[in-house]
Amino acid sequence: MRAAGEHGRPQGDISHTKVGVNLKLYDLLNGICTVTPEDIPNIEIDKISSDSRDEVSESTLFVALKGAKFDAHDAVPEMNKKGVQVFVVEHDCGVEHQIVVRDSRLALSTLWANWYHNPERKLKLIGITGTNGKTTTTTVIKRLLDALGIKAGLIGTCGNEVCDRHIHTENTTPMPNEFFELLSEMVDAGCEYAVMEASSQGLEQERLGKCIFEVSAFLNLTQDHLDVHGTMENYYQAKKLLFQRSKNAVIDIDDPYGERLFGEIDCPKYTLSIKKEADFYADMIKLSAHKSTYWYSNALKSYKVEIPLPGSYNVSNTMTAIAVLELAGIGAEKTIPLISKINGVRGRCEVVPTGRDFTVIIDYAHSPDAITNILKNVRESAGEGRRIVCLFGCGGNRDAKKRPLMAQAAEQGADFLVVTSDNPRNEDPHAIIMDIIAGLSDGYKEYIEIDNRRDAIFWAIKNARKDDVIVLCGKGHEDYQILSTGKIHFDEREVVAEALQEG
């Protein structure tokens with residue numbers, strides 16, 4: 001029998017139920033549909049599953065998701081034979097007790113939110129989206145809240161934090177079960193805020209359920225993840241989803257997609273720029289190798305800001321952090337005196353000590369625009385006469401269209417290139433490198449190709465000249481490399497230290 005409707009409130013309230021104790025089906029369906037005993041029995045549920053390979057029982061609630069390669073709706077009859085009584089599906093699958101919804105991914109996230117007693121309603125959520133700068137911006141916001149004595153959690157690429165406890169992560173935006181468990185831990189720890197990077201894939205896959213954000217920010221949009229989204233338009237539309245669930249928005253209008261977004265969203269919105277007047281803008285910007293200074297202006301006042309981060313893009317990132325907290329009710333007069341004490345972010349323009357007459361920088365840049373930004377930043381900061389060496393590769397089984405574009409960006413921004421592997425995954429590393437090299441100008445010879453990344457770093461260190469700046473792009477905070485044989489430990493800081501010791 002089918003339960004009609006996708007909206008409405010079923011009977012029951014799970015607010016006093018402990019996590020880990022079996023929950024009644026009707027309580028889990030809160031916000032998904034309305035059911036009655038005539039439709040579906042109100043059984044106890046001890047497991048929510050969306051994986052047809054899981055061990056299941058009559059107390060399992062199975063949610064059928066349609067993926068790129070496998071549609072779990074096809075597995076529903078078999079899961080029914082294994083004992084599952086109740087299913088959440090998008091169409092009739094021929095079983096007795098099925099709840100038909102428009103979007104089973106959204107339903108899955110709502111189920112997990114209910115399982116953890118809707119922790120998202122007890123936190124002020126801050127979401128940051130964009131191709132580049134999310135990690136730096138969210139980290140600066142979290143560190144400012146820490147410095148103000150305001151308990152907060154952090155969800156992002158470099159890992160998750162519950163107050164001062166660090167938790168490893170595999171995804172920028174966690175899967176729904178992990179996401180709502182994290183929010184629940186933040187609530188239990190007394191957090192007031194949850195600051196997160198909102199990835200395009202996480203938004204498109206409805207991993208955030210029905211979360212409403214106190215403030216969201218858009219940083220920029222450049223080519224990346226087209227292996228997932230197909231086109232830049234699809235990528236943009238995925239990012240735009242964040243602002244359908246936001247009470248306030250900060251939009252960087254220095255980016256063309258930011259200008260477009262500002263005209264297309266309906267929530268209260270504010271512009272930000274380092275190039276022109278906006279609701280939040282910067283002028284008198286001064287950049288150096290180890291810090292940046294600028295004047296931050298809002299509608300009422302201007303403040304001098306000094307940050308221990310080089311590069312104009314870090315002016316944009318820190319401005320966004322200040323503006324977001326302003327809209328959350330924490331004035332710039334409180335945050336700006338603290339921002340000068342915030343250290344850099346691991347793997348983001350991170351200077352590695354060498355004890356030599358050259359410099360090594362590690363950065364996560366893995367898109368054409370990110371390569372352009374980091375090399376421009378290094379060029380601005382290093383000064384005239386210093387050779388910039390850019391070591392980079394491209395990930396396997398990912399957007400292949402950006403490979404020649406990254407080569408073009410590196411050629412324009414650096415003086416010499418070391419083209420190597422990143423995370424080749426199941427692709428031939430040499431074939432990836434050939435795709436990259438195809439983007440170099442005809443006759444360009446200022447590069448070397450070394451397939452093995454460790455060997456490439458050793459070569460760059462061994463052949464470094466006085467005053468060189470060697471920029472290792474692509475790995476950043478990662479301490480692993482993904483090969484066809486699996487994941488191996490690979491921390492570039494350690495590799496650099498070994499290379500320095502050897503020669």
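Modeller: The open sheet has 11 strands in the order 11-10-9-12-8-13-14-15-16-17-18, with mixed pairing. Strands (E, at least two residues) and helices (H or I, at least four) are DSSP runs numbered from the N terminus, and two strands pair if DSSP finds at least two bridges between them. This is a predicted model, in which local features need pLDDT of at least 70 and side-chain atom pairs count only at pLDDT 80 or more, while totals for chains, interfaces and linings use all residues. Residues are numbered from 1 along each chain as its sequence is written, and side-chain values use heavy atoms, with hydrogens and water left out.

At the edges of the sheet stand strand 11 (165-167) and strand 18 (302-307); each has a single partner strand, so one side of each is left without a neighbour in the sheet. On average, neighbouring strands are turned by 20° against each other, direction ignored. Axes here are lines fitted to C-alpha atoms, for helices over the stretch in contact, and angles run from 0 to 180 degrees between N-to-C directions.

Within the sheet, strand 14 pairs with strand 15 (residues 269-273) in the parallel sense over four bridges. Isoleucine 251 stands opposite threonine 271 of strand 15. Helix 11 (residues 332-339) lies across strand 17 (292-297) and strand 18, and runs at about 25° to strand 18. Contact means heavy atoms within 4.5 Å.

Rings of Phe, Tyr and Trp (its six-membered ring) pair if their centres lie within 6.5 Å; planes under 30 degrees apart count as stacked, over 60 as edge-to-face and the rest as tilted. By this rule there are nine aromatic pairs. In one of them, the ring centres of tyrosine 270 and phenylalanine 280 are 6.3 Å apart and the planes are at 50°, so the pair is tilted. Tyrosine 270 belongs to strand 15 and phenylalanine 280 to strand 16 (residues 280-287), so the pair ties together parts 10 residues apart in sequence.

Buried means under 20% relative accessible area, exposed over 50%, and partly exposed in between (1.4 Å probe, protein chains only). Tyrosine 270, at 28% relative accessibility, is partly exposed, whereas phenylalanine 280 is buried, with a relative accessible area of 6%.

Lysine 269 lies over the face of phenylalanine 262, at 4.8 Å from the ring centre. For such a placement, NZ of Lys or CZ of Arg must be within 6 Å of the ring centre and within 35 degrees of the ring normal.
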